[in-house]
Amino acid sequence: MEFSVSDLACARGGLTVLEGVAFTLAPGAALILRGANGIGKTTLLRTLAGLQPAVAGRISLPPESLVYSAHADGLKAVLTVQENLSFWAAVHGGADVARALVAMNLEALADRRAAHLSAGQKRRLGLARLLVTGRRVWLLDEPTVSLDVASVALFAGVVRAHLAAGGSAVMATHIDLGLAEADVLDLTPFRARTPVSASGFDEAFG
Amino acid sequence: MRALLLRDLRLAFRAGGGFGLGLAFFLLVAVLVPLGVGPEGSTLARIAPGILWVGALLACLLSLDRIFALDFEDGSLDLLATAPIPLEAVVAVKAAAHWLVTGLALTLAAPVLGVLLNLPGQGHVWLVASLAAGTPALSVIGAFGAALVVGVKRGGLLLSLLVLPLYVPTLVFGAEVVRRGAMGQDVATPLLLLAGITAGAWAALPFAAAAALRVNLR
């Protein structure tokens, strides 16, 4: 099923930051969001994920087919790598944890506590979570932060395999993942011209 | 859902998880009050139901802000909100985990501490019964309060102020069950009211808390 967004407006902190966003994403395709800091890449991804309501517009896919990967990885420091990943696998219906560990090159670290991982290793564990959710559309917010060159390549390979299997991905990123086939969507033209309050209410009381 | 419950219990029992915090506080109250009040058995026996219930309530309050704040800080609350589990169930499971770690532990420890406060022998049964019936309400009311203040830095003070008034009915009826039980009177009315508060809170508050979480996650 195709993922399409039409005339979407989204707001952050009561101000509409993006309006008129429209794109279509076929299965197997990836979309890279570009734009300056503060343009609303994260806001758009959170709106797509269903974490906040859209001010206007339509999203064709239900949030149940999307998985969101935020700046924070959602790891518990006192749990091991294996336990962290098994938890998310169980929540999402028990996918193959071992395969995700291998895919993100984490099998040697499986019994280490997340507290003892480096920033890049934590990020890899956060990204391995995507694999155990079994969801088709990945929403990635700066997925390559703190990854080294080898890990970026590893992750690009994982994304490519996901696309080849019929999944799709929307990602906000500043660096080139080497996904030549991905479309690029520059958000600058969609910047809300006159930032207006998203609703009649003062957000502080909303 | 079972995975979430197991994870929360595992986190609570690992280092720094907060298990034992409430229990230690409850123990301190029960040990220090006799030292402060003095050794007269009759005075202690008279105030024991109230002190035990107040101690259990404050011990419960101590760990409330951990219910959602930790998951909010490390980003897992966002991920749980987009997971296939309904947010209402997430709230209910996390409140249940909180009760298993604090409320149940307090209930099981209470008879021992009742002895320290010279609670009459026949009151112990009702102490356990009232805590078993009442502490689940404390956990779910607390989860609601924690959902309201999630995202507020150091929201513990605000949480206490929000939650304490909601705890009053549970405290009044809980302590009344123990007082009547210790004096050999009929406990049916306060115990039923206490159980009613718990049932009502568990029926309604997971929905209210989930709504509060949705607003706070925006």
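A residue is called buried if 20 or more other C-beta atoms lie within 10 Å of its own, exposed if 12 or fewer do, and partly exposed in between, with C-beta atoms placed from the backbone. This is a predicted model, in which local features need pLDDT of at least 70 and side-chain atom pairs count only at pLDDT 80 or more, while totals for chains, interfaces and linings use all residues. Residues are numbered from 1 along each chain as its sequence is written, and chains are lettered from A in the order in which they are written.

**Exercise 1.** Locate B:Arg214 and decide how it counts by its C-beta neighbours.

Begin with the element: B:Arg214 belongs to helix α9 of chain B, residues 188-217, where helices (H or I, at least four residues) and strands (E, at least two) are DSSP runs numbered from the N terminus. Next, take the neighbours: B:Arg214 has 16 C-beta neighbours inside 10 Å, and therefore counts as partly exposed. Finally, relate it to B:Tyr167, which is 47 residues away in sequence and, C-alpha to C-alpha, 24 Å away in space.

**Exercise 2.** Compare the reach of helix α6 of chain B with its expected span, and find where α6(B) bends.

Helix α6 of chain B covers residues 87-116, which makes 30 residues. The expected span is 1.5 Å times one less than the number of residues, and the 42 Å from the first C-alpha to the last is close to the expected 44 Å. The bend, which is the angle between axes fitted to the seven residues ending at a position and the seven starting there, is about 45 degrees at B:Ala110, with the proline B:Pro111 following within four residues. Just after α6(B), B:Asn118 has a positive phi of about 60 degrees.

**Exercise 3.** Describe the make-up of chain A and state how its radius of gyration relates to the globule rule.

Chain A contains five helices and eight strands, arranged along the sequence as β-β-β-α-β-β-α-α-α-β-α-β-β. The radius of gyration of chain A, taken over C-alpha atoms, is 17 Å, close to the 17 Å given for 206 residues by the globule rule (2.2 Å times the number of residues to the power 0.38), so chain A is as compact as a globular protein of that length. Its C-alpha atoms fill a box of roughly 50 × 40 × 30 Å along the principal axes, and 41% of the 206 residues of chain A count as buried.
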